[in-house]
Amino acid sequence: MLKATVYVTIKQGVLDPQGVAVQGALHSMGFQEVESVRIGKYMELSLNTDDRAEAERRVKEMCEKLLANTVVEDYRYELEG
Amino acid sequence: MKFAVLVFPGSNCDIDCYKAVQDTVGEPVDYVWHTATDLSAYDCILVPGGFSYGDYLRCGAISRFAPVMNEVAKAAEEGKYILGICNGFQILTEAGLLPGALLRNTSMKFRCHDTVLHVVNNQTPFTNDFELNEEIVIPIAHGEGNYYCDEETLKDLQQNNQIVFTYKDNPNGSLADIAGISNKRGNVVGMMPHPERAVSDLLGSADGKRMFTSILKAWRDTHGTASVR
């Protein structure tokens, strides 16, 4: 078994209104040091394989095809186990 | 001419689209389930608004892989007319049939009200019944209608006359006020506003009616059929 952790974030340069709203809330609570907030997605995938190289290839494909929209989002992932 | 209205789990403007076709052009129209694998009987495919597959992950991300979407891609290739409205527009961008992506409205609000659009391109099969630069009233209802693409794509859209509608007062932060675009060939159009909700004065505007009459007119022009109602 391998575990893949996938992080999807909106590309730098593309406005993240959720992040801006949360930043505003933090500022109004007194956390003035927050210069920016970006909100993304966190996904955990359990893979029934032990072949790391193959898993890596497949997870990348999943990210490119479905998990991230590469027009507006970046992704990265970690494999463990 | 025959219309298909695609139905995904979560579509909620399918009935409006179906009735809009009946009420404006009176041509045959069918609901087609997302698992369908044959669209060869249809001349125009309407991808309606709603929240297909719950909009999980991203709007349109999962529906883009529904079996029927392979057929939509084929139909686009064959030059058939495809109109994606709201969630349908999001699905068409996710499917790569139209460029760009739709992000959350910059206001963070779900906006649901009439908007004034400029008809920027009246040479498409969907807009030939409008005047160039005409102002029309079509309602919007979306939380993620903020059109985005990179600079190069925007330049392409402008050069190829692919921007079909722009907003007079941008309600969602869309790049270059874009409300609707077409593919290069012009047979695939996606738009966030809902023409199917503007087909009668009783609904507040009848301007959307002419999108459907445009489609029939374009089809008759290319097929030379006088299927007079």
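In strand β1 of chain B, B:F3, B:V5 and B:V7 point one way while B:A4 and B:L6 point the other, and all of them are buried. Five of the five residues of this strand, residues 3-7, are buried, so β1(B) is largely enclosed by the rest of the structure. In a regular strand, side chains alternate between the two faces of the sheet. The model is predicted.

**Strands of chain B**

- β1(B) runs parallel to strand β2 (residues 29-33) of chain B, and five bridges join the two.
- Within this pairing, B:V5 has B:Y31 of β2(B) as its bridge partner.
- Strand β6 (residues 111-119) of chain B is antiparallel to β7(B), with eight bridges between them.
- B:T115 stands opposite B:I138, a residue of β7(B).
- Strand β7 (residues 135-142) of chain B is mostly covered, with six of its eight residues buried.

- B:C86 is not a glycine, yet its phi is positive, at about 60 degrees.
- B:C86 sits in the loop between β4 (81-85) and α3 (87-94) of chain B, and its relative accessibility of 5% makes it buried.
- B:N133, also a residue other than glycine, has a positive phi near 65 degrees.
- The loop between β6 and β7 of chain B holds B:N133, which is exposed at a relative accessible area of 53%.

- Chain A contributes 15 residues to the contact and chain B contributes 13 residues.
- Four residue pairs are in polar contact across the interface, both residues being at pLDDT 80 or more.
- In chain A, α1 (17-28), β2 (40-47) and α2 (52-67) each supply at least two residues of the side that touches chain B.
- That side of chain A is made up of ten nonpolar, two polar and three charged residues.
- One salt bridge is counted between chain A and chain B.
- B:R58 forms a salt bridge with A:E73, with 3.6 Å between the closest N and O atoms.

**Salt bridges**

- Side chains of opposite charge can pair when their charged atoms come close.
- The count over all chains is 18 salt bridges.
- A:K41 also forms a salt bridge with A:E73, at 3.5 Å between the closest N and O atoms.
- This pair links distant parts of the chain, because A:K41 is in strand β2 of chain A and A:E73 is in strand β3 (residues 73-80) of chain A, 32 residues apart, where A:K41 is partly exposed at 29% and A:E73 is buried at 9% relative accessibility.
- A:K41, A:E73, B:R58 and B:E94 are linked in a network of salt bridges.
- A:K60 and A:E64 meet through their side chains in a salt bridge of 3.9 Å, N to O.
- About one helical turn separates A:K60 from A:E64, because they are four residues apart in helix α2 of chain A.
- A:K60 is partly exposed at a relative accessible area of 42%, and A:E64 is partly exposed at 39%.
- In chain B, the side chains of B:D30 and B:K2 form a salt bridge of 3.5 Å, N to O.
- B:D30 is in strand β2 of chain B and B:K2 is in the segment before β1, so the pair ties together parts that are 28 residues apart in sequence.

Note on methods: Residues are numbered from 1 along each chain as its sequence is written. Chains are lettered from A and ligands numbered from 1 in the order in which they are written. This is a predicted model: local features need pLDDT of at least 70, side-chain atom pairs count only at pLDDT 80 or more; totals for chains, interfaces and linings use all residues. Side-chain values use heavy atoms; hydrogens and water are left out. Buried means under 20% relative accessible area, exposed over 50%, partly exposed in between (1.4 Å probe, protein chains only). Two strands pair if DSSP finds at least two bridges between them. Contact means heavy atoms within 4.5 Å. A salt bridge is a side-chain nitrogen of Lys or Arg within 4 Å of a carboxyl oxygen of Asp or Glu. A polar contact is a pair of N or O atoms within 3.5 Å; within protein, one must be able to donate a hydrogen and the other to accept it, and residues adjacent in sequence count only if both atoms are side-chain atoms. Ala, Val, Leu, Ile, Met, Phe, Trp, Tyr, Cys and Pro count as nonpolar, Asp, Glu, Lys and Arg as charged, and the others, Gly among them, as polar.
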